[in-house]
Amino acid sequence: MTRIANPSDVAPLRDVIVGPYKNFTWWDLIWGSLRYPDLASLRYARNNTVQVPDHRVAGRQHARFVEVLADAGARVRTLADLDDVSIQLYPRDLAFAVDDTLFLARSRDPIRRKEQKALARYLPEIPNVRHLEGGFLEGGDVIVTDDDVLVGLSEATDLTGVSALREAFRHAGIARRIVPIEFSRRGVVHLDTKFTMVGPKLGYVHSASLTPYSRSLLAERFELIEADDTEARSLMINTVALAPDRVIIDERARRLAGAMRAHGIEPVALDFSEVTKFPGGFRCATLPLRRGEDR
């Protein structure tokens with residue numbers, strides 16, 4: 001059996017799923033939009049730069065990232081390669097773990113729903129799997145703190161999805177409070193492109209992307225390091241923790257690295273710049289199944 005455990009987004013990483021790196025073309029991107037036109041996708045494209053990477057470089061960057069995860073002691077699993085899905089880079093959005101339960105996301109995007117089938121071979125081994133019964137909610141909008149679960153109301157997640165998650169928590173016996181986080185404008189794909197945890201009580205945030213009230217909710221819980229517009233647009237906010245005191249960050253995020261060191265946290269700086277041309281980052285590229293517990 002596969003144990004699920006996620007007490008916090010920065011607890012030591014023990015077991016994680018990554019996607020296969022696959023070459024894709026502009027046609028793969030355009031064809032998906034033509035088949036499934038969607039206002040949320042249009043708003044996202046307007047606010048983000050989408051490019052096809054140099055796959056030779058991006059493939060090496062992704063492989064190095066996976067190597068670092070394994071070297072940190074995590075078991076690294078790779079999703080099945082689906083013939084009818086062109087891009088499987090970012091498994092974070094397919095599911096998410098909270099405490100001892102794995103929740104399957106509900107995506108409004110038909111391609112992401114198809115991509116979720118790559119999880120099928122793992123699910124029979126997991127004792128606690130929950131489905132959401134309504135709305136939309138993806139894993140990139142879910143951040144697990146020591147106490148609460150933050151959920152971004154992005155283009156991928158709505159209030160009905162948040163209500164469905166509360167109901168799923170009730171059935172799973174999870175007593176955590178769910179805290180919705182609102183954005184100051186449309187076109188934000190996921191919360192973890194505007195805020196992530198880079199330490200137990202330390203966050204990296206692009207405050208201009210949040211409503212003042214939502215920003216205050218984060219400030220109550222974390223000491224915040226501010227990201228500027230360039231850092232946010234370059235997806236530098238999308239970090240992933242190996243442990244409470246070790247976090248993988250973009251090698252270009254030098255201000256962040258300095259601030260983390262000042263708090264006793266080791267930045268593990270990697271180059272993901274070519275991968276990120278198809279917008280996403282280190283957190284997007286991982287689906288943690290187990291954190292915190294001994295191996």
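Q: What covers the buried residues of helix 8?
A: In this predicted model, the cover includes strand 9 (195-199), strand 10 (202-205), strand 11 (223-226), strand 13 (246-250) and strand 14 (266-270). Contact here means heavy atoms within 4.5 Å.

Q: Which residues of helix 8 are called buried, and what makes them so?
A: Helix 8 spans residues 254-262, and its buried residues are Leu256, Ala257 and Met260.

Q: What does the face turned away from the buried side of helix 8 carry?
A: That face carries Arg254 and Ala262, which are exposed. The word exposed calls for over 50% relative accessible area.

Q: Which glycine just after helix 8 takes a positive phi?
A: Glycine 264 does, with a phi of about 80°.

Q: How many cavities of 30 Å³ or more are there, and what makes a space a cavity?
A: The count is five. In a cavity a 1.4 Å probe fits but cannot get out. The largest cavity holds about 80 Å³ of space.

Q: Which residues lie nearest the centre of the largest cavity?
A: Asn6, Asp9, Arg92, Phe96 and Ala97 do, among 13 lining residues. Strand 3 (95-98), strand 6 (142-144) and strand 15 (287-291) each give at least two residues to the lining.

Q: What is the lining of the largest cavity made of, by class?
A: Seven residues are nonpolar, two polar and four charged.

Methods
Residues numbered from 1 in each chain as written. Predicted model: local features only at pLDDT ≥ 70, side-chain atom pairs only at ≥ 80, totals over all residues. Heavy atoms only, no water. 1 Å grid on protein atoms, 1.4 Å probe; cavity = no way out; pocket = protein on both sides within 12 Å on 5 of 7 lines; lining within 4 Å. Points joined across faces, edges and corners; volume = space filled by probe spheres on them. Helix = DSSP H or I, 4+ residues; strand = E, 2+ residues; numbered from the N terminus. Nonpolar A, V, L, I, M, F, W, Y, C, P; charged D, E, K, R; others polar. Buried < 20%, exposed > 50% of the residue type's maximum accessible area, 1.4 Å probe, protein only.
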